Amino acid sequence: MKNKETSFLELAQVFELLEKTSSSLEMRDILAKFLAKIAPKEVQITAYLLQGKLGPDYKNIEFGLAEKLVLRAITGDDASFKKLSEEEFKKTGDLGIVAKLIREKIEDKPKNLSIEDVYNKLFQIASFSGTGSQDNKLRHLFLLIRQVSPIEAKYIIRIVLGTLRLGVAEMTFIYALSKGFTGTYANKEKIEHAFNVVSDLGEISFILAKEGLKAIENIKPEPGVPIRMMLAQRVADIEEIKKHIPQDMIVEYKYDGERVQAHMKSREEVFLYSRRHENITHQFPEIVKNLKETFKGKNVIVEGEIVAYDKEKDELLPFQELMKRRRKYEISLFAEKIPTKIFLFDIIYKNNKSLLGIELETRKDILKESFNKNEIIDFSKFIKTNDISDVENFFDEAIDYGAEGVMVKNAEGIYQAGTRGWLWIKFKKDYVKGLADTFDLVVIGGEYGTGRRAGTYGSLMVAAFDPETNKYYSFTKVGAGFTDEDLKNIPEILDKYKIKDKHRLVSTNMEVDVWFEPQVVMEVSGAELTISPVHTVAQDKIKTGGLALRFPRFIRWRDDKSPEQATTVQEIYDIYKRTVLKKIN
């Protein structure tokens with residue numbers, strides 16, 4: 001029989017074990033054993049807290065406390081504690097360690113709070129709003145620190161500041177769920193599919209722990225709960241597309257905007273979710289208004305690309321213009337300055353019915369029947385063909401219009417939530433320049449700049465992610481492509497993630513001036529792939545070294561992507577096989 005109540009101290013001790021290992025297999029084993037012995041509600045809470053969160057991303061639950069305020073909560077009004085804390089923080093840069101040190105000097109006996117006790121107190125802290133909310137947050141955090149042990153205090157503070165970062169990837173946790181509750185890793189795909197449909201690891205964990213695998217298999221989409229977006233493969237040559245989609249193809253414009261998933265409940269509530277499942281509804285009031293006015297039905301989940309748009313010239317504006325709309329304040333002013341429109345390209349739920357298993361061509365028909373077009377709501381332009389020459393002509397037309405390229409999709413394909421498969425293939429204008437596509441890479445290190453770049457970073461080392469090993473493998477150093485404004489902003493973007501040594505989940509044979517937590521994603525172009533003795537992408541397959549990107553160039557920051565959504569090692573190796581190895585052989 002499972003414990004009715006597990007102490008938060010036990011969870012903190014699990015955190016400590018996870019923090020000391022870089023092995024994905026060890027992480028799975030540690031978590032599987034722990035999850036199997038605790039109550040379903042505790043499993044749900046653990047799923048959130050492991051990610052340093054209080055709920056799924058789409059609920060946007062934030063503490064809203066900066067380091068200076070948290071430092072006050074740790075020390076209270078004790079002058080000696082303040083001095084000690086400031087000294088320790090200068091040395092370590094980690095307020096979690098500071099909290100542990102201060103708590104060791106406080107004589108109050110810990111109260112042995114349960115996982116649920118601590119979670120509820122943290123949720124209360126995050127929920128305070130309005131006049132006096134900061135004082136309420138600080139007071140309750142101060143009291144909580146004094147009710148727990150030093151090790152618990154360390155992790156509580158890291159959760160509050162968003163610096164927990166134990167390196168447990170979503171897939172690592174899903175493997176642990178499979179082993180912990182079904183006794184084998186073989187059911188990982190069933191659990192992953194359920195997670196792809198509802199994007200809430202805590203909810204999936206609770207259902208699995210309480211009701212078992214059968215309940216997980218019955219998970220269905222629900223308006224208001226984002227579905228993990230289907231992803232596309234890439235090809236080096238447009239001729240290669242027919243090898244993967246020999247039958248009819250839907251070929252549509254690939255717009256240079258922000259991909260969103262729009263959910264409408266009962267024709268009243270509309271939610272817009274980004275790739276990372278952030279709720280960005282408030283940023284695009286004109287899109288929300290027009291979706292409500294043009295939809296014909298009860299409820300719906302659709303996907304589309306929001307673009308910045310010049311109405312007078314009927315021209316698409318660059319992605320950078322659209323990013324100016326990503327703000328908390330002055331929404332109406334910027335809505336007026338930078339108009340947008342949305343090109344809808346898929347529908348995956350309508351009138352209480354999931355369309356995930358319906359073929360694309362039929363989904364397109366349902367989509368067209370579901371909305372009336374206007375100047376803000378439009379459908380992505382597409383053709384149906386089985387002739388690759390039509391794809392080439394349509395690609396040229398898309399580029400002329402201002403799109404990035406085309407998406408080529410299997411007309412009979414279903415919607416595979418969260419999956420990168422060959423039912424969708426992207427082909428962008430970058431491909432015709434030589435190396436196929438750009439790469440979304442995670443910043444792991446930096447070198448200080450000199451001359452014009454003094455006071456910022458001269459170059460940044462970036463890495464690809466491997467979901468199998470849960471590690472980041474260095475791929476190149478990027479120094480070109482940054483504007484003066486970019487260079488000025490780099491420290492503000494990255495310095496919060498500075499760490500003393502190379503992160504335990506980073507693999508590279510190169511040294512840099514500064515190491516970073518693998519948290520920030522950038523888009524990078526390059527000329528060709530080569531083998532390097534210092535970079536580590538696919539080194540287990542290449543043997544003579546790792547793959548590296550030559551002549552890399554910064555394109556833009558990818559705030560809409562998490563580190564785990566970066567380009568994978570396997571993707572890069574596949575490009576290497578299709579381009580470099582093919583030429584050699």
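Author: What follows is a set of questions and answers on this predicted model.

Author: Residues are numbered from 1 along each chain as its sequence is written, and side-chain values use heavy atoms, with hydrogens and water left out. In this predicted model local features need pLDDT of at least 70 and side-chain atom pairs count only at pLDDT 80 or more, while totals for chains, interfaces and linings use all residues.

Reader: How many of the residues of strand 3 are buried?

Author: Strands (E, at least two residues) and helices (H or I, at least four) are DSSP runs numbered from the N terminus, and buried means under 20% relative accessible area, exposed over 50% and partly exposed in between, with a 1.4 Å probe and protein chains only. Strand 3 covers residues 258–265 and is largely enclosed by the rest of the structure, because the buried count among its 8 residues is 7.

Reader: Which residue of strand 5 stands opposite His263?

Author: Two strands pair if DSSP finds at least two bridges between them. Strand 3 and strand 5 (residues 300–310) run antiparallel and are joined by 7 bridges. Across this pairing, the residue in strand 5 that stands opposite His263 is Ile301.

Reader: Which residue in the turn between strand 3 and strand 4 has a positive phi?

Author: Strand 4 (residues 269–273) runs antiparallel to strand 3, with 5 bridges joining them, and Gln261 stands opposite Tyr273 in strand 4. The two strands form a hairpin with 3 residues between them, and the turn residue with a positive phi, of about 55 degrees, is Ser266.

Reader: Is Ser199, which has a positive phi although it is not a glycine, buried or exposed?

Author: Ser199 is found in the loop between helix 11 (188–198) and helix 12 (201–211), and its phi is about 55 degrees. With a relative accessibility of 8%, Ser199 counts as buried.

Reader: What is the relative accessible area of Asp314?

Author: Asp314 lies in the loop between strand 5 and strand 6 (315–316), and it has a positive phi of about 50 degrees although it is not a glycine. Asp314 is partly exposed, and its relative accessible area is 40%.

Reader: How far apart along helix 5 are Lys83 and Glu87?

Author: The side chains of Lys83 and Glu87 meet in a salt bridge at 2.8 Å, N to O, where a salt bridge is a side-chain nitrogen of Lys or Arg within 4 Å of a carboxyl oxygen of Asp or Glu. Lys83 counts as exposed at 52% relative accessibility, whereas Glu87 counts as partly exposed at 38%. Because the two are 4 residues apart in helix 5, their separation is about one helical turn.

Reader: Which residue forms a salt bridge with Glu404?

Author: Side chains of opposite charge can pair when their charged atoms come close. The closest N and O atoms of the pair are 3.8 Å apart, and the partner of Glu404 is Lys428.

Reader: How many residues apart in sequence are the parts that this pair ties together?

Author: Glu404 and Lys428 are both buried, and they belong to a network of salt bridges that also includes Lys254, Asp256 and Arg275. Glu404 with Lys428 forms a salt bridge. Glu404 lies in the loop between helix 19 (388–401) and strand 11 (405–410) and Lys428 in strand 12 (residues 420–428), so the parts tied together are apart in sequence by 24 residues.
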